[in-house]
Amino acid sequence: MRKISKVSILVSDFASAGLLRAYLLGKALKSLGYEVQLVGFLFGKSFYREIPTADFSIFYLPGDTYPQIFRKVPQLLRHIEGDIIYAIKPLASSFGIALLKKINSHIPVILDIDDWEMSWHGGDNWRYQPTAKELVRDIFKKHGALRYPNHPLYLKWMEKLLPQADAITVHTSFLQQRFGGVSVPNGKDTDLFDPSKYDAEASRQRYGLSAYRILMFPGAPRPYKGLEDILAAIATINQPDLKLVIVGGSPYDDYDQQLQAKWGNWLIKLPKYPAHEMPEIVAAAHIIVVPQRDTKETRAQFPLKLTDGMAMAKPILTTQVGDIPDILGDTGYLVESGSSTQMAEKIQWIFANLESAQKQGEKARIRCIEKYSIQAMAHNLQSVIHQVSAAPR
């Protein structure tokens, strides 16, 4: 059996949401006694989210386009120190680097698939069929499409190399059905997200929310997340003390500004806060809302806002999309995706029966600890590490 003491987690881009998945996997591995290293490229100006750098060793290089990035690959390979490589996403900038290291060193590779990347490009229907002129442009122009490492063409190639991974972990049942592997849903730090440590009314006062009944979405707004549906529901109810609070805004585009322009009467935006402050912010909510729309992208996702609310024992209003009903079990409130009418009815029912709804929230916390905590995540990972370490070299 191979001795495993250190795991190198390969992050495709420290400026992308994959960093959060890498961090949570790292925390779970660390709880099992493994030393953890995060290594990869940074294609943006800053990390996607501030993470406690003391938890792991971290090494990254500035990302680049082809062919310039090839000059950086040898340096990155030299800094991969683990007895196992854990690649985040089937991308050339993570899984591709991991396979190169495996060829040279025979270090086993685990691939984590936390999203269906091709769904953002049209899914199975996507084709790259350029004319000769377009191909030349895409390869040789300064900003040619094929000069970017995570172009969907390279992603399609990477998916064909999935059998080269020694093990695969996935985030949702949709991904497991598509790619196989072991299910390792994201875990929540339920010791940090512990409602007994926070006073809800004090939190509302601190963040200027004490005059309102708060529906909270503690994440980045995107069109597929259904926030316009929940805002339409609030507008239908038409009670001035009812507000949707969005925490952090959009790091991708100006969608949050579009929401503000159209729905400003019902919307409060809070700035981005460090991860360790989020439990106190979530404590201020009366209801956590995750009004996910039903799209090919969202069916593959596990909205982390769910476990924010579950861990903090909040009533959760969400939609029947993907794994959401299975994640919540009987501990939340489900409506049809896109139905602002049902959302309005359920919001009014929850506030009319708040004591009952809060008991549902308490059940949600128990479920979160059992199934979606860092400890539960570590339990699932232990079998994967054992499988890889026991495999013949």
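The following legends describe close-up views of a predicted model.

**View 1. The largest nonpolar core and leucine 29.** The largest nonpolar core comprises 64 residues, of which Ile9, Leu29, Leu38 and Met216 touch the most other members. Helix H1, spanning residues 18-31, makes the greatest contribution to this core, with 8 residues. Leucine 29 touches Val7, Ile9, Tyr34, Val36, Tyr86, Leu381 and Ile385, when residues up to four places away in sequence are not counted. Apart from this core lies another, of 38 residues, whose members include Val73, Leu77, Ala98 and Leu146. In soluble globular proteins, nonpolar side chains tend to be buried together.

**View 2. Valine 247 in strand E9.** Valine 247 belongs to strand E9, which covers residues 242-247. With a relative accessibility of 5%, valine 247 counts as buried, because the limit for a buried residue is under 20% relative accessible area. Beyond residues up to four places away in sequence, valine 247 touches Met216, Phe217, Pro218, Gly219, Leu270, Pro271, Tyr273, Met278 and Ile281. One of these partners, tyrosine 273, is 26 residues away along the chain, and its C-alpha atom is separated from that of valine 247 by 8.0 Å.

**View 3. The aromatic pair of tryptophan 120 and tyrosine 224.** The whole structure contains 14 aromatic pairs. In the pair formed by tryptophan 120 and tyrosine 224, the ring centres are 5.4 Å apart and the planes stand at 55°, an arrangement classed as tilted. Tryptophan 120 is located in the loop between strand E5 (109-113) and helix H4 (132-140), and tyrosine 224 in the loop between strand E8 (213-217) and helix H8 (227-237); the pair therefore ties together parts that are 104 residues apart in sequence. Tryptophan 120 is partly exposed, at 34% relative accessible area, whereas tyrosine 224 is buried, at 16% relative accessibility.

View 4. Tryptophan 126 is buried, with a relative accessible area of 16%, while tyrosine 128 is partly exposed, with a relative accessibility of 22%. Elsewhere, Tyr66, Phe70, Tyr154 and Trp157 are linked into a cluster by ring pairs.

View 5. Helix H11, formed by residues 304-311, is mostly covered, and 8 of its 8 residues are buried. The buried residues include Lys305 and Asp308 as well as Leu304, Leu306 and Met310. Alanine 313, which follows H11, has a positive phi, near 60°. Glutamine 292 is found in the loop between strand E11 (287-290) and H11. This glutamine 292 is buried, with 2% relative accessibility. Leaving aside neighbours within four places in sequence, glutamine 292 is in contact with Tyr224, Lys225, Thr298, Gln301, Pro303, Thr319, Val321, Ile324 and Ser337.

**View 6. Packing of helix H11 against helix H14.** Two packed helices are described by the angle between their axes and the distance between the axes. The axes of H11 and H14 come within 7 Å and cross at roughly 115°, and H11 is therefore roughly perpendicular to H14. Thr307, Met310 and Ala311 of H11 meet Gly361, Ala364, Arg365, Arg367 and Cys368 of H14 in this contact. By class, the contact of H11 with H14 consists of 4 nonpolar, 2 polar and 2 charged residues.

**View 7. Packing of helix H13 against helix H14.** Helix H13 (residues 340-352) and helix H14 (residues 354-371) have axes that come within 5 Å and cross at roughly 100°. H13 and H14 are therefore roughly perpendicular to each other. The contact involves Trp349, Ile350, Phe351 and Ala352 of H13 together with Leu354, Ser356 and Ala357 of H14. The residues of the contact of H13 with H14 comprise 6 nonpolar and 1 polar, with no charged residue.

**View 8. Proline 52 and tyrosine 23.** Proline 52 is placed in the loop between strand E2 (35-42) and strand E3 (57-62). With a relative accessible area of 41%, proline 52 is partly exposed. A distance of 9.2 Å separates the C-alpha atoms of proline 52 and tyrosine 23, which are 29 residues apart along the chain.

Note on methods:
Residues are numbered from 1 along each chain as its sequence is written. This is a predicted model: local features need pLDDT of at least 70, side-chain atom pairs count only at pLDDT 80 or more; totals for chains, interfaces and linings use all residues. Side-chain values use heavy atoms; hydrogens and water are left out. Axes are lines fitted to C-alpha atoms, for helices over the stretch in contact, and angles run from 0 to 180 degrees between N-to-C directions. Helices (H or I, at least four residues) and strands (E, at least two) are DSSP runs, numbered from the N terminus. Angles under 35 degrees count as roughly parallel, over 145 as roughly antiparallel, 65 to 115 as roughly perpendicular and the rest as oblique. Contact means heavy atoms within 4.5 Å. Ala, Val, Leu, Ile, Met, Phe, Trp, Tyr, Cys and Pro count as nonpolar, Asp, Glu, Lys and Arg as charged, and the others, Gly among them, as polar. A nonpolar core is a set of buried Ala, Val, Leu, Ile, Met, Phe, Trp, Tyr and Cys residues joined through side-chain atoms within 4.5 Å. Buried means under 20% relative accessible area, exposed over 50%, partly exposed in between (1.4 Å probe, protein chains only). Rings of Phe, Tyr and Trp (its six-membered ring) pair if their centres lie within 6.5 Å; planes under 30 degrees apart count as stacked, over 60 as edge-to-face and the rest as tilted.
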